[in-house]
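Hi there,

Here is the structure I promised to pass on to you. Have a look at it first, and my notes on what turned up follow below.

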Amino acid sequence: MNLQTLSLHHSINLPSPNLNNSNRLGFDWPLRTVRHKGFKVCSVMSRDTQTQIQTQTQTQTRKTDVLQLIDETEESLFRTGKFGRFGGIFVPETLVTCLKVLLSEFNLCMHDPHFQGELSTALRDYVGRETPLYFAERLTDHYKNGRGEGPDIYLKREDLSHGGAHKINNALAQAMLAKRMGRRSVVAATGAGQHGVATAAACAKLAMECTIIMGHLDMERQSSNVLLMKNFGAEVKSVRGTFKDAASEAIREWVGDLERKYYLAGTAVGPHPCPAMVREFQSIIGKETRRQAVEKWGGEPDVLVACVGSGSNALGMFHEFVRDKDIRLIGVEAAGTGIDGETHSATLAKGEIGVYHGAMTLLLQDHEGQILGPRSVGVGLEYPGVSPELSFLREIGRAEFHTATDEEALDAYALLCRLEGICPALEAAHALAHLGKLCPTLPDGAKVVVNCSGRGDKDIETVFKYQQLKSAQVSDGNNHPKPLQM
Amino acid sequence: MAFAASSSSAATARYSAQSDLAFRIPSNPPKFAPYISGHTPPISCKMAATAVDKELNAEALQRPDAFGRFGRFGGKYVPETLMAALTELEAAFNSLATDHEFQSGVGLVFVSRKELDGILKDYVGRDSPLYFAERLTEHYKRHDGTGPHVYLKREDLNHTGAHKINNAVAQALLAKRLGKKRIIAETGAGQHGVATATVCARFGLECIIYMGAQDMERQALNVFRMRLLGAEVRAVHSGTATLKDATSEAIRDWVTNVETTHYILGSVAGPHPYPMMVREFHKVIGQETRKQALEKWGGKPDVIVACIGGGSNAMGIFHEFVEDEDVRLIGVEAAGFGLDSGKHAATLTKGEIGVLHGAMSYLLQDEDGQIIEPHSISAGLDYPGVGPEHSFLKDLGRAEYHSITDEEALEAFKRLSRLEGIIPALETSHALAYLEKLCPTLPDGTKVVLNCSGRGDKDVNTAINYLKL
């Protein structure tokens with residue numbers, strides 16, 4: 001029984017489109033059927049004549065409207081799990097109760113000072129928070145124009161967290177929640193392996209059993225992470241395919257043993273309350289950034305940049321600032337070998353609305369509703385869907401989304417190594433790659449904060465092969481072997 | 001110009017550790033027979049026993065003294081060409097150490113203490129936490145529920161994953177202060193090389209790393225990493241093509257290019273002022289520990305444990321507490337295949353006094369004074385010498401030194417991973433392994449602080465072969 005097919009049973013139970021906001025949003029709500037593996041997944045929205053008229057006369061959503069939308073969403077989030085028309089709880093009945101229990105437990109722990117105290121201590125002593133907000137002087141100079149003007153670039157050093165990525169913030173908090181709920185074992189799915197590693201580490205610390213499910217293709221590409229997980233004592237199970245298949249399998253395992261098991265979502269996708277929960281636990285990134293920005297330059301950031309796979313690190317940074325309408329929020333997705341081709345993972349750029357893994361969101365699908373397999377050199381960015389909250393922020397125009405190709409990311413990796421002595425994860429390198437296009441457009445002294453969401457030790461082999469390939473190509477071209485261009 | 005040990009057994013009489021330092025009087029003093037025609041009464045000589053009468057404690061001694069000596073260890077056994085550079089280095093270091101604000105200097109670049117502190121905070125990620133290892137503590141509880149409390153000083157969370165960066169960053173700043181644009185260093189497995197290349201990238205300095213050709217083969221990815229960071233990695237083919245040969249080559253380079261070049265030594269070994277300097281740059285570890293211990297349990301650590309290769313991470317955490325007599329200091333070296341196997345790196349247990357790389361210290365040498373090739377599963381502990389200050393603390397009896405085999409270290413590696421979700425470096429695992437022997441002897445509630453000097457991602461591949469994961 002996989003999740004997608006179950007949605008079929010619930011097409012009748014779909015929450016009706018929230019028309020209250022439609023006047024303001026004025027978006028086109030097309031009729032669409034999404035198909036996966038031969039089953040018809042629910043049709044999403046109904047067209048309303050009223051909204052059609054609104055579309056034609058629609059003017060730009062004003063910034064105050066955006067704030068209102070955000071506030072309203074926040075207020076109803078707990079109850080509905082919706083971010084505008086995205087999000088929701090598209091799951092079989094068996095899971096609905098479970099999710100409701102999870103939601104109330106999550107709510108309780110958020111208000112429990114004892115839990116919060118323990119979490120704080122663990123984040124400080126185990127994870128190593130706060131992570132610094134680092135002024136990247138040489139990178140800043142690199143992007144200065146001929147007149148010596150340019151933005152000031154800061155890196156939020158999530159690469160210094162225990163485990164080497166921001167994933168641990170969420171994994172640790174949820175593992176603690178699971179323990180508090182009396183669950184004995186944790187099951188999780190991982191793509192690049194970072195979430196798997198973080199979950200395995202947290203479970204080792206909390207003496208919980210841990211099963212990590214990984215696609216066989218991913219296991220090959222990120223074998224070093226597999227070793228790390230096993231070293232922590234986790235059981236690593238392989239499924240055919242990649243992350244999307246692993247996620248389905250993990251949920252299946254969870255459904256099989258709802259009393260004992262806890263499904264640890266690694267990122268802000270899935271049915272409510274997963275996206276909200278993950279975002280809350282990651283929001284410490286943004287909270288620290290605000291405080292550190294005040295310490296450092298007595299103000300706020302002007303632009304925030306983060307890479308987007310499913311969206312957890314981006315939301316972790318953005319959430320704190322979503323109501324500060326003067327702060328630009330920029331997400332950078334993976335364009336793989338090129339956005340117009342087949343091999344990329346740019347969901348927000350090229351995706352269309354549908355239901356996936358329990359939530360309504362944008363996702364990469366073909367005209368028949370088949371899920372398109374995403375590809376990127378930043379394995380952690382490979383997800384055909386994206387967080388419903390990010391879909392929402394894009395739709396209301398609060399956040400902007402761009403892409404970076406494999407090559408741009410690999411070059412950005414090498415650039416940061418050379419200029420700052422920091423090797424970023426290839427995922428984070430996508431965000432850094434965007435600086436090349438962004439910086440020339442910014443006024444002198446604008447404060448840019450890039451979320452350096454992970455360290456790149458795991459990617460060194462990939463970069464090595466890429467550099468070899470590049471130098472081979474260069475030498476072939478001219479018949480003169482050139483030194484490695486770095 | 002390798003500074004090989006020159007030892008004659010007579011001169012290196014083994015001195016046992018005593019609380020009063022003094023030079024122990026040899027039991028058979030040499031006899032002198034002066035030439036007096038027709039009349040040769042034997043005269044026996046006795047070295048003055050009164051040189052140090054009073055109860056000696058660490059406080060009364062300078063560590064090091066003006067000549068760079070820690071008792072009889074340390075010093076500056078270098079060719080003349082390097083003496084000026086070392087003196088200049090010492091002067092620059094002293095001015096940086098006392099400097100809290102910008103100071104002007106003719107022809108020198110402005111570098112301040114404040115800048116160093118900023119880098120340590122924002123770039124390296126300090127303070128590193130003092131983490132209560134709950135499950136490890138549980139593991140060491142006895143049947144009656146009593147046992148020590150184990151804390152880990154999380155140097156593994158630093159940028160580049162080890163304590164090495166503390167020293168690398170400070171020395172790079174020092175080089176800038178001296179107006180030197182060229183940095184050289186030696187490396188074994190690559191950790192120190194990567195740390196050096198990292199800071200050179202950060203500060204825009206030219207970087208040359210010397211690495212044994214054999215090591216380069218075994219650590220190809222680290223070599224690539226250093227090159228990606230902008231460093232030039234030079235292979236050393238002489239000798240056994242490993243760390244000690246790379247060190248000698250680096251020293252040779254320095255002698256040749258001393259005007260323009262600063263040599264970033266990775267540990268508390270080498271000629272004065274390096275042992276003192278590297279210790280000073282790492283002492284932040286101990287200082288933070290004191291502060292954090294006070295915050296956490298309102299007291300001091302009772303026992304401090306650290307692994308010893310060259311000795312920098314240990315000195316970094318020990319130094320703050322050397323004068324607190326009630327704090328036990330324990331260093332753990334690599335016993336490799338076992339102390340009797342001849343394949344180990346337990347310098348302080350099995351070594352003898354001699355001079356290596358510019359300093360007098362204990363070192364692993366054979367009867368001819370040739371350096372014995374050490375062995376340890378962990379590259380960072382694979383050094384035939386040890387910092388002179390450790391030799392000094394050992395002889396003083398202030399610190400105790402033990403050793404742990406490869407196998408015990410691997411067990412500890414697995415144990416910490418499974419119990420705390422922290423993967424320690426194999427070097428650190430030696431210190432962790434010693435807890436197995438130490439904790440049963442400690443009374444209930446004893447506060448043990450272990451310096452978790454590095455993370456073990458780099459060692460997982462080595463470990464799986466043994467641990468059959």
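**A salt bridge and the interface around it**

A:Asp457 and B:Arg225 form a salt bridge, with their closest N and O atoms 3.3 Å apart. Please keep in mind that this is a predicted model. The elements that give two or more residues to the side of chain B that touches chain A are α2 (113–124), β5 (130–132), α5 (191–203), α7 (220–228), α14 (406–420) and α16 (460–467) of chain B. The residues on that side of chain B divide into 19 nonpolar, 8 polar and 13 charged.

Taking the interface as a whole, 40 residues of chain B are in contact with 43 residues of chain A. The area buried between the two chains is about 3,600 Å², and carbon and sulfur atoms give 58% of that. On the chain B side, B:Asp122, B:Phe224 and B:Leu228 lose the most area to chain A, together 18% of what that side buries. The rule finds 7 salt bridges across the interface of chain B and chain A. For polar contacts across the same interface of chain B and chain A, the count is 21 residue pairs, with both residues at pLDDT 80 or more.

**Helix α7 of chain B**

Which residues of α7(B) are buried? They are B:Asn222, B:Val223, B:Phe224, B:Arg225, B:Met226 and B:Leu228. After α7(B) comes B:Gly230, with a positive phi near 100 degrees.

**B:His159**

This residue may be worth a look in your viewer. B:His159 lies in the loop between β6 (149–154) and α4 (164–177) of chain B. Is B:His159 buried or exposed? Its relative accessibility is 6%, and the cut-off for buried is under 20%, so B:His159 counts as buried. The side chain of B:His159 makes a polar contact with the side chain of A:Arg157, at 3.1 Å. Leaving aside neighbours within four places in sequence, B:His159 is in contact with A:Arg157, A:Asp159, A:Leu160, A:Gly421 and A:Ile422 from chain A, and with B:Tyr123, B:Val124, B:Ile165 and B:Thr198 from chain B.

**Aromatic pairs**

Over all chains, the structure holds 16 aromatic pairs. In one of them, the ring centres of B:Phe93 and B:Phe281 are 5.5 Å apart and the planes stand at 75 degrees, so the pair is edge-to-face. This pair links distant parts of the chain: B:Phe93 is in helix α1 (residues 80–97) of chain B and B:Phe281 in helix α9 (residues 274–282) of chain B, 188 residues apart. B:Phe93 and B:Phe281 are both buried.

The rings of B:Trp254 and B:Tyr274 have their centres 6.0 Å apart and their planes at 70 degrees, so that pair is edge-to-face too. Here B:Trp254 comes from helix α8 (residues 243–257) of chain B and B:Tyr274 from helix α9 of chain B, 20 residues apart. B:Trp254 and B:Tyr274 are buried. On the chain A side, A:Phe135, A:Tyr154 and A:Trp297 form one aromatic cluster.

**Chain B overall**

Chain B has 16 helices and 16 strands. Of its 469 residues, 59% count as buried. Among contacts in chain B between residues at least 6 apart in sequence, 73% join residues at least 24 apart.

Best wishes

Methods: Residues numbered from 1 in each chain as written. Chains lettered and ligands numbered in written order. Heavy atoms only, no water. Contact = heavy atoms within 4.5 Å. Buried area = accessible area lost by both parts, 1.4 Å probe. Salt bridge = Lys/Arg side-chain N within 4 Å of Asp/Glu carboxyl O. Polar contact = N/O pair within 3.5 Å; in protein donor to acceptor, adjacent residues only side chain to side chain. Helix = DSSP H or I, 4+ residues; strand = E, 2+ residues; numbered from the N terminus. Nonpolar A, V, L, I, M, F, W, Y, C, P; charged D, E, K, R; others polar. Phe/Tyr/Trp six-rings, centres within 6.5 Å; stacked < 30°, edge-to-face > 60°. Buried < 20%, exposed > 50% of the residue type's maximum accessible area, 1.4 Å probe, protein only.
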